[in-house]
Each structure stands twice: as structure tokens, then as C-alpha cells.
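Subject: Structure handover

Hi,

My notes on what turned up follow below.

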Amino acid sequence: MKYFKTYENCIVTSGYKRSLISDLQFGYSEFIPNSMAEIIKRLNSNFPIDLLYEEFDNDDREIIKEYILFLESKSLGQYYDDHDILRFSEMEKSFSSPEDISNIIIEAGIDPFLNLNRFVSQENLIFCKNLCLIFYENLTAEELYQVKKIIEASSLYSVEIIIKYNHFMNEEFIKMFGFEFSKLTKLYIHSAPFNKEIFWEGNNLIDTIFSKKKINNFKSCGSVKSLDFGVNIPKFTEALNYNSCLHKKIAIDKDGNICNCPAMNKSYGNIKDTTLDEVIFDVDFKKYWNLTKDYIEVCKDCEFRYICTDCRGYTERTHTNGNGLDISKPLKCGYNPYTGEWEDWSTNSLKEKAIKYYEMQDLIREIN
Ligand code: SF4
Ligand code: SF4
């Protein structure tokens with residue numbers, strides 16, 4: 001008997017209108033029709049090709065042949081015989097990571113170092129891998145080096161900094177800063193006089209983005225763009241099992257409040273008198289961690305649901321589940337899985353109420 005199966009790292013996600021096959025090893029996805037997704041499911045259940053052909057008339061058989069040809073040509077699967085098929089196993093789709101917290105967001109307040117200092121002075125930092133540090137105001141070069149000193153002395157693994165442009169931030173300075181600051185992976189410079197992206201390459205050891213966009217609050221976060229839909233095994237399996245933004249994330253907002261993300265109102269204490277340990281063992285704090293896109297309205301029918309990052313901070317505010325969790329579609333997503341089309345989310349009249357609720361009118365004016 002002859003069989004055809006997709007490789008174990010090539011995963012199909014079916015949406016309402018179409019499906020996506022994602023190669024988690026090489027990090028790319030292809031759209032496929034839902035009918036092809038159904039055929040892949042049959043073939044992957046060790047169903048012999050000839051027996052499958054017998055179920056269809058000539059025209060449909062030709063279509064199935066084209067599907068297999070497509071999958072083979074894109075290196076998404078291969079033929080097997082009776083002997084080989086026994087060696088095939090499914091990819092492990094569970095997700096686990098040793099740390100209690102993998103991501104932290106810190107918004108700088110009036111004193112730009114207060115929240116950062118209070119955070120790094122906590123005894124148990126081993127649990128945290130990546131930090132996103134946000135400065136709405138600019139810093140001097142000396143202050144930026146002070147940030148470097150604090151972070152280099154901590155057990156944090158990597159840091160991404162969002163900071164307001166200052167005149168000394170030329171490419172030469174940034175190249176040197178990135179070279180000296182080994183934990184820095186990305187510098188996003190807002191309110192810059194120009195737009196420019198410089199990616200990690202050769203002597204540039206960080207990604208740098210200069211953007212004319214002004215950022216003076218957290219409302220810029222949460223945009224859903226297809227450009228950000230990268231795939232790999234950890235990202236995909238985490239999204240399959242947990243919330244793709246909030247799982248193992250903690251944030252300290254500009255006022256020192258400890259929360260899931262600075263866009264979410266609920267505070268679990270203040271960094272001046274509450275330890276992060278106290279917060280991460282609070283069951284209520286983790287209430288969104290297990291909410292996958294399979295339970296979020298609209299997203300549950302979307303083929304991008306395991307490769308797109310969720311947002312619970314800004315949603316359409318249309319649905320709540322029995323446990324009081326907001327299960328509405330992310331506000332800043334313009335994709336419609338029922339038509340397969342993208343549109344500008346900011347001009348969608350159905351989102352007006354939520355836009356007003358979040359007081360995003362200024363942000364929308366800037367975008368448009
Ligand atoms: S509807 Fe938008 S937010 Fe939801 S999964 Fe699809 S692309 Fe992502
Ligand atoms: S929940 Fe939304 S606003 Fe909060 S960090 Fe995630 S993407 Fe950003």
C-alpha cells in the first residue's frame with residue numbers, strides 16, 4: 001500500500017473560510033482550501049491513497065492528486081510504504097517551560113528608575129526571562145547606561161527597550177550601545193524625526209527601529225498584523241495550550257501597580273509593598289493564562305489562531321464567559337475569518353463603542 005502524510009512539524013489549522021498549513025521547523029505557513037485540510041486529515045490517519053481515491057469520482061480524484069502534488073512540491077509531506085508508515089509519530093503538542101514568569105513589562109513612571117530598581121531588588125528574579133522596558137520620555141546617554149548597569153547586574157536573560165528619541169541616538173551610538181549591552185535585543189525609538197529599521201546583522205547586535213510615531217501611553221500595544229505571524233514550535237504549542245500574550249507574563253505599570261499588562265485595570269498590589277512572588281501565586285492573577293483562541297469569539301473560527309498573538313487588554317468588549325472572562329475578539333484586529341479579508345480595524349463602525357471606552361480616539365486620529 002502507498003500512503004502520503006504531511007511531516008509531523010507541518011500542522012494544519014482550519015478556519016471558517018480556509019485553512020493554513022504551518023511548517024514549524026522552517027517557520028512559514030501556506031493557505032490551503034478547507035477541502036485540502038480534510039484530505040490531509042484522512043491521509044494522516046494512515047489511510048492508503050488508493051482506497052481514498054476509490055471514494056471519489058474522477059474529477060475529485062484529480063483534485064486530490066493536485067493536493068498531494070502541492071504538498072510534495074512545498075516539502076510539506078512525503079509518500080510512505082507499509083513499512084515506513086509505522087515509523088511515523090505525531091509531534092508532541094504540549095507546552096512547558098521551567099520558569100514561573102517568562103515575560104515582564106515595566107512602564108517607567110515619573111521617576112524613570114523607580115519601578116526598575118524595585119523590580120530588580122526583589123529576591124527571586126530567577127523566574128523571569130525577558131523584560132520589556134518602556135520609557136515614554138527621553139533619557140540622557142548617562143541614564144541609558146545606568147539602565148544597562150542595572151539590567152546587566154540582574155538575572156534577566158534579555159531586554160527590549162522602548163524609548164523616546166534623543167539627539168545623541170545616532171546609528172553609531174546605537175551600534176556601540178548594542179555591542180556593550182549584551183542583554184539588549186531590541187531598541188524601539190519612538191518620536192524620532194524619521195522612520196528607519198536596522199536589523200541584527202554583522203556588527204549590529206540588536207534590532208533597532210526608529211519611528212516617527214509618538215508613544216506616550218500603553219494604548220499603542222495590541223495591534224494584530226499579519227507581518228508578525230511568525231511560527232516556530234514553542235510559539236505554536238504555547239498558543240495551542242495557553243493564552244498567547246498573557247501566559248507567564250507580569251507587568252508593572254507607571255504607578256507601580258502589578259498587573260497582567262499595563263492596559264488591564266485590575267491591580268494585584270503595588271511594587272512598593274507587594275512581592276512578585278505573592279502575585280504569581282494568586283490564582284486570580286492567572287485567570288487568563290489558560291484562555292486560548294479556541295475560546296475567543298471570532299478567533300475560534302480563524303486559521304491564524306495559533307500563530308497570532310492575542311490581546312486581552314483591548315478587546316471589542318462584546319462577550320464574557322461564565323467565569324467573567326472577556327472572550328471578545330481583540331479590538332485591533334482587522335481580519336475577518338468569515339470572508340478571509342483584512343480591513344482597517346480603526347474605521348470599523350462596529351468597534352466604535354470599544355474605541356470610545358478605551359479613549360483611543362486620539363490614537364485613531366494619528367493612525368489615519
Ligand atoms: S481574528 Fe484576528 S486576532 Fe483573532 S486569530 Fe484571527 S487574526 Fe488573530
Ligand atoms: S494584552 Fe494586549 S495590550 Fe496587553 S501586553 Fe498583550 S497585546 Fe499588549
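The second largest pocket has a volume of about 720 Å³. This is a predicted model, so please read every value below as computed from it. Lining the second largest pocket are 34 residues. Ala263, Met264, Asn265, Gly313 and Tyr358 lie nearest its centre. By class, that lining has twelve nonpolar, twelve polar and ten charged residues.

The whole structure was searched for cavities of 30 Å³ or more, and one was found. The largest cavity has a volume of about 90 Å³. Its lining is made up of 13 residues. Nearest the centre of the largest cavity are Lys293, Cys299, Cys302, Cys308 and Cys333. The lining holds ten nonpolar and three charged residues, and no polar ones.

Then ligand 2. It is surrounded by 13 residues. The closest are Cys221, Cys245, Cys261, Cys311 and Gly313. The shell around ligand 2 divides into nine nonpolar, two polar and two charged residues. Gly313 is also among the residues nearest the centre of the second largest pocket.

Now helix H6, residues 141–152. How far apart are its end C-alpha atoms? They are 16 Å apart, which agrees with the 16 Å that twelve residues should span at 1.5 Å a residue. The buried residues of H6 are Ala141, Leu144, Val147, Lys148, Ile150 and Ile151. An α-helix has 3.6 residues a turn, so residues three or four places apart point the same way.

One strand residue: Thr208, in E11 (residues 207–210). Is Thr208 buried or exposed? Thr208 is buried, because its relative accessible area is 2%, and buried means under 20%. Beyond its neighbours within four places in sequence, Thr208 is in contact with Ile174, Leu187, Ile189, Lys196, Glu197 and Ile198.

Last, two backbone angles to check. Most residues other than glycine have a negative phi. Arg317 has a positive phi, near 55°. Arg317 lies in the loop between helix H9 (276–280) and strand E14 (335–336). Arg317 is partly exposed, with a relative accessible area of 43%. Glu359 also has a positive phi, of about 50°. Its place is in the loop between helix H10 (352–357) and helix H11 (361–367). Glu359 is exposed, at 57% relative accessible area.

Best wishes

Definitions and conventions
Residues numbered from 1 in each chain as written. Chains lettered and ligands numbered in written order. Predicted model: local features only at pLDDT ≥ 70, side-chain atom pairs only at ≥ 80, totals over all residues. Heavy atoms only, no water. Near = heavy atom within 4 Å. Nonpolar A, V, L, I, M, F, W, Y, C, P; charged D, E, K, R; others polar. Helix = DSSP H or I, 4+ residues; strand = E, 2+ residues; numbered from the N terminus. Expected span 1.5 Å × (residues − 1). Buried < 20%, exposed > 50% of the residue type's maximum accessible area, 1.4 Å probe, protein only. 1 Å grid on protein atoms, 1.4 Å probe; cavity = no way out; pocket = protein on both sides within 12 Å on 5 of 7 lines; lining within 4 Å. Points joined across faces, edges and corners; volume = space filled by probe spheres on them. Contact = heavy atoms within 4.5 Å.
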